[in-house]
Every structure is written in C-alpha cells, then in structure tokens.
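Hi there,

I am passing a structure on to you today, and I hope you enjoy looking around in it. Please open it first, then read my notes below.

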Amino acid sequence: MIAYIERFVHENDVDSMPEQDTAAEQDRGDVLPLFNGVDLHGTVEFAGCGCGSDAGKDFGGTHFTEPLAVIRPSGSADVAKVVRLASRSPHLTVAARGNGHSVNGQAMAHRSLVVDMKSIERKIDVDPAAALADISGGALWEDVLEHCVSRYGLAPRSWTDYLGLTVGGTLSNAGVSGQAFVYGPQTENVTELEVVTGNGDVLVCSKNQNSELFFSVLGGLGQFGVITRARVMLQPAPDMVRWIRVVYSEFSDFTRDAELLVTRPAGDSFDYVEGFVVTNSDDPVNGWPTVPLDSNQSFDPTRIPRNAGPVVYCLEVALHYNNEDPPFTVDMRVERLMGGMRVKEGMRCEVEVGYVEFLMRVKRAEKEAKANGIWEAPHPWLNLFISKTDIADFDRLVFQNILKHGVGGPMLVYPLLRSKWDSRKSTVLPEGEIFYLVALLRFCFPYPKGLSVQEMVVQNQEIVQTCTNNGFDFKLYLPHYNSTDDWKHHFGNQWTRFQGRKASFDPMAILAPGQKIFPRNWQPS
C-alpha cells in the first residue's frame, strides 16, 4: 500500500554517525580466545575491521552501536556454534540480523555478536504437489515471490507490504499485510521450522513436533530461537490484480466498509484490504495527491464535502484474476463486491496491474527514495494494534489532532481479525475479534519541510501516551521498550508464559539482546 512513498522529497537533514566504543578493543581481546578451535564454515569479522558499519545500525536510523564481531554463517550448524560460544562467556549475546529493517535497534548486539542471516546459502525448495516451500531463514520475500511464481506458478498466501525483508525476520514478529484478514499473518502460514535455540540446539519443530518451540518462536521477537528454515504454504498465483482506492470524508463510513469487507464469508470479498489516512490538502507528500494509483490519474478535491475535517480516509482493495477471465466478468465481480459500500461518485480510482507488480509495489518506491537520498534517512516509525472499540477515539485524538498535518509518509489503518491468529503463538493482541493496524511510516525531511528526528520521536511518545491516558486497548506491533515493567505490561497475562518459554529455550538470555526484554543471565521473577 505504501506505493506513494515515491512522491516524497529529495533530502534529509540528519547527519548522525555512531560513536566509537572505547571498550571495544578490550572486549575483542577477551573474545578472541573463545573462537579458537571453533570450526566455523563461514567467516568472522571483528570490531575495528569495518564490520559494524552495517550491523551497528538499522533502517530506523535512531540507534547505533558497535558489535564486537559479525559472523557470516554458512548454515544452521554455524549459528549453533556461535550461540554455544557465547554461552561460555558471562556477558556475550547473539543478535540475528536479516536485512536490517528493524527501526529501534532490535537486531543489534552492543559489544557482542551479530549473525548475518543473509550469508546463509539461499534455498527455496518448492514441492508443487504439496504446495509447500522450504525456505532458508535469511532469504528475502521478494526472492521467494520471483522464484515461486516464475518457476511454479505458485506464491505464498500472506505477505508484508515491503518484500525486502527476510523470512526469519518477519516470522519472528508476525508479518502483516492486506491478505491477513483472509489467511492470517505470515506466522499462520508456516507448517514447520528449523530453529537454533538459545541452548545451541538445532531443532525441527511444527504443531506436532517440538510444538512448544514452534508456537514460541513464531511472533517471539527472536527471544527463543533463530529461524534458519521455514516451510511456507503456497497457493496458485493469479496473473492480474484489479487495484482500487476509494476516498471517504467520514471515518465512520471508512471503518464500516472496511469491516464489511473483512468479515464477509470466505471467497466473497476482495483478496486484499488495507487503508490509509491523508491530510485534506494538496500537500504532495501527505495530502490527497497521493491517492491516484498512477501518473495518468488525478483526484478531484472538489468532491470532498466542504465540512470535511483535516484528514480524509482511503480504502484500498485488490481483486485477483487470471488472463483468461473475460473483462466483463471481472467488472461484474468488482461491482458485486462493492455493493453496499458507501462509495461517493468521483471518489474512486483503479488500475490493472500484474500480480507480481502489485506485490512489488513498494520496490518502485524504494528505488525512487534511494535515488532521492531519503531511503537512508532515519525512519522513526510507530506501529500499533488498536481495538475496534477505541479506533474512533484514536482517529479523533490522533489522526485529526496530533497528526492532522501528516507524518511525512504513509499513515496506514485497516482492520484485522483476531480469529485468524493462533493464540498459542507469542504475538500479543488487543481484545475483541476486530482490531486495527495503525502504521505511521515516517520519513525525515529537511527543516522546515518536516519535523526533526527528535520531534518525530517525541510525537510518537505523545501518541502512545494518549492511548495510555485514555485507556485504549492497544499493543505496540514491532514493539520496543526499555524496561522490564513496560514489557510485563505489554504482554499482560501472557508474561508468565513468555518468561517460561525463555527459561526453556534461552535460559541465559543470549538471543536478541536488542529487544531489551531480558538481561544476560536473568532470573525468572
């Protein structure tokens, strides 16, 4: 859905560089002997050799730290050896790094060990008869898409909006996009994992084998194991997509139609449903110029009622079809599915695109942003799950007030269904069947065109505090906290289970130190 990132401006005002850690040399001397006799088939680069230039930062661009070493393993056996090596030290930890797209340092390891998962040989082994693919944890979803569609005419069922992410990385969180109301998040679309636990064991797990590890790792924020292989469910890939956007001036109409679509019986709705908020202005970054789906389209703002508020809402849907489907049957199905929706005349635009092009829609935006120099700028993003019972008040207090001038990037909001998420897995959700994803995908722009990084972070904190002060039922998605008490509050009544899983699968708290959930050698409370 974030295809309109490509409209953004060309520069940013942030010039931050990580500070050199004066203790790194001493730590390097302490850890070098630990690697003696460790038969790694991959490679190791120690601090001072430039290894931390990438591993010490992430896409968020607000956290920097210097790892002691970056290990580029050849396979799961190397990952297990690194974990066992760390267990011989009282302070070493291990962070698995995919494509570096965390936004709050979650995949970093301060003065410890970072494992570069992309260095593991990329394997995508497809079983067409079973409609399954065994995929290495460091493979990118964009490569999975290309391989499965071009060679087998198959594709995974559930996606993220941006596909330049690793399989293991998204499965360690959830993996959410507009297909999740049908198939659930990506964590609901795997049948088997290979995992390296914090005990240094390489285990295969599924619902029927090592099931507690399977449920723990999916959505487990990397706390219980490193995913080195996943068996992903596939389905036949369509040829084409009818991609539609509909604009609403009233949030109640927007949410009514969105919820109508995601709660229809299976097979009786669109294949993808998302939504976003734009400012009621001609701002090329935040306003209604971002609504059209291609450069040949335009949006007529005179269609928006004069009494509309500071923001308007865009519902985005997509219908899959094949080349042999007659155009009139596609048209008829679209109109049938849109029946009962509160669509106003002149508030709809649509295009026909190939299926792969649709799923890769953010790649074009990425290329444009890299060319303009803003892809490398800081991205202090905020992602939340908000209960249906509180989403209208969130709109009133946040979208229409705090964010009435936009965030310098997409503001996603769309409904998800709790029944599509297995509660045995580690992700925590608000109560109730319907909840909303809210994603504030900020980009930094030169002052005075946008807020500074610090101002964006403060505004994020204000939004979270607004949710807390008003008693909203919400959870951070891709969460980041700095205290154990905050993490306890995040997990709520699942904290005891989460602690127990940590004690079983990573008792010395070696894994994923950047999440700041458990200190090294913690004790259950």
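Here is what I found, starting with the whole protein and ending with a few residues.

Please keep in mind that this is a predicted model. The protein contains 15 helices and 18 strands. Its radius of gyration is 23 Å, close to the 24 Å given by the globule rule for 525 residues, so the protein is as compact as a globular protein of that length.

How much of the protein is buried? Of the 525 residues, 59% count as buried. Contacts also reach across the sequence: among those between residues at least 6 apart, 76% join residues at least 24 apart.

Now for some single residues. Cys148 is buried, with a relative accessible area of 0%, and Cys205 is likewise buried at 0%. With a disulfide taken as two cysteine sulfur atoms within 2.5 Å, the count of disulfides is zero.

Ser102 sits in the loop that runs between strand 3 (94–97) and strand 4 (113–116). This serine has a relative accessible area of 17% and is buried, because buried means under 20%. Leaving aside residues up to four places away in sequence, Ser102 touches Asp58, Phe59, Gly60 and Ala107.

Best wishes

Note on methods:
Residues numbered from 1 in each chain as written. Predicted model: local features only at pLDDT ≥ 70, side-chain atom pairs only at ≥ 80, totals over all residues. Heavy atoms only, no water. Buried < 20%, exposed > 50% of the residue type's maximum accessible area, 1.4 Å probe, protein only. Helix = DSSP H or I, 4+ residues; strand = E, 2+ residues; numbered from the N terminus. Contact = heavy atoms within 4.5 Å. Rg over C-alpha atoms; globule rule 2.2 N^0.38 Å.
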